[in-house]
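Reader: Hello! Could you take a close look at the disulfides in this model for me, and then at the packing that goes with them?

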Amino acid sequence: MYRPFRAVAFSLASLATAGGALADPPAPPAPAKPRQVVIISFDSARDISQWKRSRALAQRTGAHFTYFLSCVFLLSPETRKEYTAPGKTSGKSNIGFAASKQEVSERLEQIGLAAHEGHDIASHGCGHFDGKDWSKADWLKEFGSFEHILENAYAINGIAPEPKGWRDFARHAVVGFRAPYLSTGKALYEALPAAGYQFDASGVSQGPARPTASHGILHFSLPQIPEGPKSRPVIAMDYNLYVRHSGGFERPSKADEFANRTYDAFRAAFDAQYQGKRIPLELGFHFALMNDGAYWNALERFAGEVCVKADVECISFRDYVSRQDAAKKQASVGG
């Protein structure tokens, strides 16, 4: 009486075993996507209030920024003749100088605090002149002025005490450059490695692009991203948006509209990479509050949403370069 039961039980067990043998093997897990990198930078780095605001944003979001410093803002009206631009008489600058010795002191303090917090201090040259026609020697002179003024800023301006380690920081921490007006040329690219720089962020690309290497320098490019009702491409930098939105003139009554348009463009560019190939997204800013701060308001909204994601890193250019160097060394050792 028990045979039928045993037969059925055996048949079910056999079918289960056979089904397992015939099923496709489990698919290997999909490779994890790399973290989405966002690189946010600031040109000229002048206003003290914007230094504080950007550092506060970093603290809220865990971001690290690159500050492209113009060295004329480390010279007061009394010390401005310490700088001589190529082809100019001493004390000339396209963007002025610091307003006072006190302002220089406060800016030096902000630079030190930012560096201590892990931010990247890089060079924007000194006088913000267009160097497209400069020679290699001209560029090396400009780089030399930047290095001299940064290293000796406390002594030049009679500010005491000079922080311990300041000169070592000034000699070794600055490894990147962005050309004023994004104006480049063969002579600049020859001068950069000769001056010891590791990266240049003066390029412009059709969309987010990975950096390219040449002569020991990594070259980064600000992308053109779709913006506005017609999705026309614009360089992902606040000044370019300012010109697009209001012709380079202040229209504070439309600040909210411009901020929303900017945020929408940033977020769409981010989402395209985050959901796609995860190419680093670069965004550029100045310390000027154009159109009543519309672009900084958009930046704070954007960074507050994306930089805090577990699979997103808002890092500096120097951080990115350091990781590439470490990966190359690891590959060399492993090989």
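**A close look at the disulfides**

Author: Happy to. In this predicted model, a disulfide joins Cys 307 to Cys 314, with an S to S distance of 2.0 Å. The torsion about that S-S bond is -85°, and the link of Cys 307 and Cys 314 is left-handed. Both Cys 307 and Cys 314 are buried.

The count comes to two disulfides. The other one joins Cys 71 to Cys 126, and here the S to S distance is 1.9 Å. About the S-S bond of Cys 71 and Cys 126 the torsion is about 105°, so this disulfide is right-handed. Cys 71 sits in the loop between strand 2 (66–69) and helix 3 (101–116), while Cys 126 sits in the loop between strand 3 (120–123) and helix 4 (136–151), so the pair ties together parts that are 55 residues apart in sequence. Burial can be checked against the cut-off of under 20% relative accessible area. Cys 71 has 0% relative accessibility and therefore counts as buried. Cys 126 also has 0% relative accessibility, so Cys 126 counts as buried too. With bonded cysteines counted along the chain, the pattern of the disulfides is 1-2, 3-4.

Helix 4 and helix 7 (residues 186–194) pack at an angle of about 45°, and their axes are 8 Å apart. The crossing of helix 4 past helix 7 is right-handed. On the helix 4 side, the residues that meet helix 7 are Lys 136, Trp 139, Leu 140 and Phe 143. Their partners in helix 7 are Ala 187, Leu 188, Glu 190, Ala 191, Leu 192 and Ala 194.

Now for the nonpolar packing. The largest nonpolar core has 80 residues, and Phe 42, Tyr 67 and Phe 302 touch the most other members. Helix 9 (residues 255–274) gives the largest share of this core, nine residues. Leaving aside residues up to four places away in sequence, Phe 302 touches Val 38, Tyr 263, Phe 266, Arg 267, Phe 270, Leu 281 and Leu 283. There is also a second, separate core of 13 residues, and among them are Ile 39, Phe 68, Phe 199 and Val 321. As a general background, nonpolar side chains tend to be buried together in soluble globular proteins.

Terms used
Residues are numbered from 1 along each chain as its sequence is written. This is a predicted model: local features need pLDDT of at least 70, side-chain atom pairs count only at pLDDT 80 or more; totals for chains, interfaces and linings use all residues. Side-chain values use heavy atoms; hydrogens and water are left out. A nonpolar core is a set of buried Ala, Val, Leu, Ile, Met, Phe, Trp, Tyr and Cys residues joined through side-chain atoms within 4.5 Å. Buried means under 20% relative accessible area, exposed over 50%, partly exposed in between (1.4 Å probe, protein chains only). Helices (H or I, at least four residues) and strands (E, at least two) are DSSP runs, numbered from the N terminus. Contact means heavy atoms within 4.5 Å. A disulfide is a pair of cysteine sulfur atoms within 2.5 Å. Axes are lines fitted to C-alpha atoms, for helices over the stretch in contact, and angles run from 0 to 180 degrees between N-to-C directions. A crossing is left-handed if the near helix is turned anticlockwise from the far one by less than a right angle, and right-handed if clockwise.
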